[in-house]
Number of protein chains: 2
Amino acid sequence: MIHDFIYDIPVRIYFGRDQLKNLGAELKRYGTRVLMTYGGGSIKKIGLYDRVVKEIRDAGLELFELSGIEPNPRIDSVRKGAQLCKENHIDVLLAVGGGSTIDATKIMAAGACVDHDPWDFLDIQKYAPIEKALPIISILTLSATGSEMDTAAVISNPETKDKLGRLDPAIRPKVSFLDPTNTFTVSAYQTACGAADIMSHIIEVYFNFDEEFYMLDCVMEGLMKTIIRYAPIAMREPDNYEARANLMWASSWAINGFILGGKRKAWSCHPMEHELSAIYDITHGLGLAILTPRWMEYCLDETRMSKYVQFGTNVFGIDPTLAPMEIARKSIEKLSDFLFNTLQLKRTFPEVGIDRTHFAVMARKAVNGGTLPGFKPLQQADVENIFEMCMK
Amino acid sequence: MIHDFIYDIPVRIYFGRDQLKNLGAELKRYGTRVLMTYGGGSIKKIGLYDRVVKEIRDAGLELFELSGIEPNPRIDSVRKGAQLCKENHIDVLLAVGGGSTIDATKIMAAGACVDHDPWDFLDIQKYAPIEKALPIISILTLSATGSEMDTAAVISNPETKDKLGRLDPAIRPKVSFLDPTNTFTVSAYQTACGAADIMSHIIEVYFNFDEEFYMLDCVMEGLMKTIIRYAPIAMREPDNYEARANLMWASSWAINGFILGGKRKAWSCHPMEHELSAIYDITHGLGLAILTPRWMEYCLDETRMSKYVQFGTNVFGIDPTLAPMEIARKSIEKLSDFLFNTLQLKRTFPEVGIDRTHFAVMARKAVNGGTLPGFKPLQQADVENIFEMCMK
């Protein structure tokens with residue numbers, strides 16, 4: 001059965017090489033005082049920083065800055081940003097970077113409108129309402145999280161060892177600039193991690209307990225084929241525009257809400273991975289790459305087999321005349337081959353410095369003390385089993 | 001090369017069986033005086049009229065009505081609607097119907113804001129600017145034109161025998177209600193015509209002179225597979241929700257702008273078909289069905305072959321090991337088989353009452369006295385040749 005849903009993705013996207021000329025006008029729609037947020041120095045190295053500052057100055061806007069937003073962005077940066085917004089009466093936030101910068105900026109934008117600690121938006125106990133947020137414009141420099149077009153933010157709290165997410169339409173960017181050339185300097189490794197993240201966003205929806213919406217399954221298969229085709233090209237030829245453009249646009253559509261249709265959002269690998277990167281601070285996409293094939297293996301049984309068959313034949317072109325269970329197993333092999341051979345990502349927990357020390361606590365947090373709903377409902381013991389499968 | 005583009009589709013869609021409860025609140029966002037537009041009595045027969053009126057009354061809104069909008073909607077209905085809006089100080093238009101009703105309503109919404117004749121928006125010589133338009137909400141009852149989510153309107157002028165289109169973001173609906181059950185009573189024939197229309201919207205973009213954006217080609221292939229799979233099911237089982245839902249959502253995405261990416265909009269079959277239905281008042285989708293395979297045959301040569309091969313293998317599953325030209329020809333056969341056997345649409349001009357009388361004038365108008373750009377540039381003689389191919 002196809003469930004009722006509301007489709008509402010009002011983000012304006014400027015896609016391409018020559019779009020920043022529109023930045024000033026877009027910012028001006030929201031005011032004159034701009035807080036630009038970014039991470040390390042990479043946007044300065046590629047000249048993007050200078051270009052953005054020039055556009056802002058030419059538009060006669062007042063520029064404030066917050067740099068140093070971490071990968072796996074931390075609540076302290078968010079607190080700092082929210083404070084800056086309040087002190088300087090910021091009208092609009094401009095996030096220049098990847099998902100970490102955009103995610104942090106989203107919670108800053110909400111934090112700027114309240115008196116309480118921004119962590120209250122993430123804290124499972126408090127889950128403070130997001131009644132409004134300052135408008136956000138983003139300039140994307142990494143194809144991965146889809147934050148440029150979605151309603152989500154994931155923030156780490158090193159004190160509590162939590163990494164928690166929040167969804168709210170109020171924090172969705174109003175406008176995003178997607179220039180594939182801004183990703184030309186992304187390393188092969190980060191390109192691979194991004195590709196794994198995008199694949200995971202699609203797999204989490206594709207392998208789901210709700211029945212299919214055929215049209216959206218076709219779209220998901222197309223997006224996955226796009227990642228499989230272009231990620232290795234972008235790794236080999238970092239300035240291949242076609243490859244970067246395909247990865248970039250696919251990253252947005254993997255998670256902006258379109259492919260979800262009426263399915264309930266019941267993800268499995270992301271909640272597990274967030275516990276890994278909360279403690280080990282590994283790259284999100286890498287953690288997902290290690291977990292996903294094991295999770296698929298763990299969930300495979302006669303009742304769920306048909307989805308693997310669909311995946312294997314439509315995405316990887318596995319011979320449909322083979323026995324269904326054979327196709328299903330081969331589809332996991334093909335995905336592993338893509339992640340660990342083609343993308344050259346590390347295959348096991350030990351290779352990325354994760355041992356069994358925190359398995360129990362991570363598993364308990366992943367299922368939030370109960371059951372993680374999804375393609376196959378998982379309890380703490382299930383998650384520990386999946387973690388164990390990642391050890392070799 | 002992938003061209004720069006702006007993606008901006010801010011339509012909110014309420015998809016599903018139980019969404020009309022949101023109608024009152026959505027209308028109220030725009031005002032209190034509502035002009036409801038519709039065609040014949042079909043919305044009364046299915047109970048939709050009563051349901052809509054009840055929602056409007058319950059919301060305390062003032063209702064005005066304009067019925068009788070024709071298939072291939074005429075400028076006189078548009079003029080009447082624009083006048084009604086002015087006289088009654090209408091705040092928001094509610095189009096309940098298929099593409100004809102929504103298209104007519106779009107030009108009414110623009111016409112309500114100006115003093116000149118609404119035909120001036122369509123007239124190629126005048127092409128009056130659309131500076132603003134009243135807000136439009138639509139409730140869709142036919143999966144075909146995609147008008148519920150796009151910026152286009154096509155209007156007929158029987159006096160001048162013109163059928164002309166206009167694109168403008170100002171006339172895009174703000175909100176559309178897509179309830180597949182509202183299409184349960186659509187006849188097998190109209191379902192088939194709608195499916196042909198949707199296929200054509202995709203084929204016009206897929207077969208294009210600009211280079212490909214692989215991800216979007218994959219999406220288009222998925223949409224076409226969706227139509228091919230579900231149109232015959234909907235014809236056989238008119239109340240099959242899954243089939244109607246897939247057709248409905250695919251109709252929106254075939255033409256809302258997403259699949260276009262940076263490609264230039266250079267359509268071929270639609271301009272030709274508009275000349276047919278301007279004179280013969282045949283159903284738009286039927287005209288497209290007759291024209292499209294002939295146009296594909298006419299354009300096929302060594303330089304354009306690869307696109308047919310991609311189409312044939314990815315959409316129809318033709319054996320990729322065959323010779324490319326053989327695959328290309330088979331892909332046209334497969335499409336013809338779908339249109340004329342599966343959808344049971346008439347195959348030739350004589351079967352729908354078109355003879356050679358107006359070939360020259362229709363061809364000249366289709367190319368607008370010059371060249372129709374597109375997959376293969378067409379001049380008047382080319383269009384006449386394609387028309388001739390439709391005679392048998």
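This is a predicted model: local features need pLDDT of at least 70, side-chain atom pairs count only at pLDDT 80 or more; totals for chains, interfaces and linings use all residues.
Reader: How many bridges pair S2(A) with S1(B)?
Author: Two strands pair if DSSP finds at least two bridges between them. S2(A) and S1(B), residues 5-7 of chain B, run in the antiparallel sense, and their bridges number 3.

Reader: Which strands stand at the edges of the open sheet of 7 strands?
Author: The order is S1(A)-S2(B)-S9(B)-S6(B)-S5(B)-S3(B)-S4(B), with mixed pairing. Each edge strand has a single partner strand, so one side of it is left without a neighbour in the sheet; these strands are S1(A) and S4(B).

Reader: Inside that sheet, what is the bridge partner of B:Ile139 in S9(B)?
Author: S6(B), residues 136-140, and S9(B), residues 175-178, run parallel and are joined by 4 bridges. In S9(B), B:Ile139 has as its bridge partner B:Phe177.

Reader: Which element supplies the largest share of the side of chain A that touches chain B?
Author: Here 33 residues of chain A are in contact with 33 residues of chain B (contact: C-beta atoms, placed from the backbone, within 7 Å). S1, S2, H7 and H8 of chain A each give at least two residues to that side. The largest share, 10 residues, belongs to H7(A).

Reader: How is H7(A) oriented to H8(A)?
Author: H7(A), residues 214-236, packs against H8(A), residues 241-253, with the axes 9 Å apart and at an angle of about 140°. Angles under 35 degrees count as roughly parallel, over 145 as roughly antiparallel, 65 to 115 as roughly perpendicular and the rest as oblique. That angle therefore makes H7(A), relative to H8(A), oblique.

Reader: How many residues of the contact of H7(A) with H8(A) are nonpolar?
Author: Among the residues that meet are A:Leu223, A:Ile227 and A:Tyr230 in H7(A), and A:Leu247 and A:Trp253 in H8(A). The contact also has 2 polar residues and 1 charged, while its nonpolar residues number 10.

Terms used:
Residues are numbered from 1 along each chain as its sequence is written. Chains are lettered from A and ligands numbered from 1 in the order in which they are written. Axes are lines fitted to C-alpha atoms, for helices over the stretch in contact, and angles run from 0 to 180 degrees between N-to-C directions. Two residues are in contact if their C-beta atoms, placed from the backbone, lie within 7 Å. Ala, Val, Leu, Ile, Met, Phe, Trp, Tyr, Cys and Pro count as nonpolar, Asp, Glu, Lys and Arg as charged, and the others, Gly among them, as polar.
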